[in-house]
Amino acid sequence: MKPFVKNNPGKTSFSLYQETSVNQRFSEGQTLSFYSELLHSSLQGILLKKYTNSCLIDISGCHELTIASREKYNSRLVINYKMIFEDM
């Protein structure tokens, strides 16, 4: 009997992360300054998870945002690495 893999029959597991020269400069737990196109402002947050072209950032400690804004996005934003300021 063949094992059943939903939406991926007979293939290897799928990953959202592949190491690149851009994303290897950042590490989980690192504090980053970035520009959010969604909120139209420069913010600071903590990198929670790295993806191939973007990362998940925790904005719960970002006091520039209102509590309603933080709750609306569940205190997390996905940001492209191009939007991170390098000169921290």
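Which residue in S4 is the bridge partner of Leu56? I looked it up: Val78 is the partner in S4.

Model notes. I am working from a predicted model, where local features need pLDDT of at least 70, side-chain atom pairs count only at pLDDT 80 or more, and totals for chains, interfaces and linings use all residues. Residues are numbered from 1 along each chain as its sequence is written, and side-chain values use heavy atoms, with hydrogens and water left out.

Sheet. I find an open sheet of four strands in the order S1-S2-S3-S4, with antiparallel pairing. Strands here are DSSP runs (E, at least two residues), numbered from the N terminus, and two strands pair if DSSP finds at least two bridges between them. S1 (31-36) and S4 (76-80) are the edge strands, each pairing on one side only. I counted bridges next: six join S1 to S2 (residues 41-50), four pair S2 with S3, and five join S3 to S4. S2 and S3 form a hairpin with three residues between them.

Strand S3. I checked burial (under 20% relative accessible area, 1.4 Å probe, protein chains only). Five of the five residues in S3 are buried. Ser54, Leu56 and Asp58 point one way, Cys55 and Ile57 the other. In a regular strand the side chains alternate between the two faces of the sheet.

Ile57. This residue lies in S3 (residues 54-58) and has a relative accessible area of 0%. Leu47 stands opposite Ile57. Beyond four places in sequence, I list its contacts (heavy atoms within 4.5 Å); among them are Leu32, Phe34, Leu47 and Leu77. Arg76 is 19 residues away in sequence, yet 5.5 Å away C-alpha to C-alpha.

How values were computed:
Buried means under 20% relative accessible area, exposed over 50%, partly exposed in between (1.4 Å probe, protein chains only).
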